[in-house]
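Look over the structure, then read on.

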Amino acid sequence: MIGGDSMRMLSKRMTILAMVLATIAMALAWLLNATKEVMLLIALLALSAFINDTETSVKLEEEQKSEKRSMTILVGTDGSEESIKAVEYAASLAIDKGYEVLLVHVVAMDPRIPPSIWVTPEIEARDRKFIEDLRKAAENMLNDIAKKLKEIGVNVRTRIEFGDPAEQILRIADEENVNMIVLGVRGISRWKKILMGSVSEKVADEAKVPVMIVR
């Protein structure tokens, strides 16, 4: 695939070539005593080639800008020091390249309260309040981070999900058609890592897009 710079260079060369050929053709027509109509036709053909080439160059630049704006980086964050480093890394890329940042926080629990004869209305109300408190805390955290990113010129969106963090991040990455995933990694012990697994490792193993693990 030819890059945008190469296409623009080729386009400029074709324009120059078209103008040169048109000049030569007009000179030959003049030497051969061609009619004014023939010379005018040659000039119009040269002008048409130039206009078409200019339109092609403009379209290429617009497509490149559109592609640049559509790039999205998914950042998983829980407010920890490690995840903040991931946010900072993604923000640096976004500012430099003009990408969008999608902040994602996954609450590691199922928000659905299963029906049971043991679940009284009081317990259900308490559980729902607990879930809502978790959602509000996550929303406040993401809003604070998003506000700081917007202040430095980053185009940012936020999403809150419930469930397995790795599975949800992978699902969102597919659903949002993101171009890159950035995650922080916690310094947990080897034994705990074996028992619990690693969100960042699972995402890195199963993601369909590049994954950057920030330490």
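Two strands count as paired if DSSP finds at least two bridges between them. Helices (H or I, at least four residues) and strands (E, at least two) are DSSP runs, numbered from the N terminus. The model is predicted: local features need pLDDT of at least 70, side-chain atom pairs count only at pLDDT 80 or more, and totals for chains, interfaces and linings use all residues. Residues are numbered from 1 along each chain as its sequence is written, and side-chain values use heavy atoms, with hydrogens and water left out.

Q: In which sense do strands β1 and β2 pair?
A: β1 covers residues 72-76, and β2 covers residues 100-107. Thr72 stands opposite Glu100 in β2. The two strands pair over 5 bridges, and the sense is parallel.

Q: How many bridges join β2 to β3?
A: β3 spans residues 155-162 and runs parallel to β2. One partner pair is Leu103 with Thr158 in β3. The number of bridges joining β2 to β3 is 8.

Q: Which residues of α7 meet α5?
A: Contact means heavy atoms within 4.5 Å. From α5 come Pro165, Ala166, Glu167, Ile169 and Leu170. Their partners in α7 are Val199, Lys202, Val203 and Glu206.

Methods
Buried < 20%, exposed > 50% of the residue type's maximum accessible area, 1.4 Å probe, protein only.
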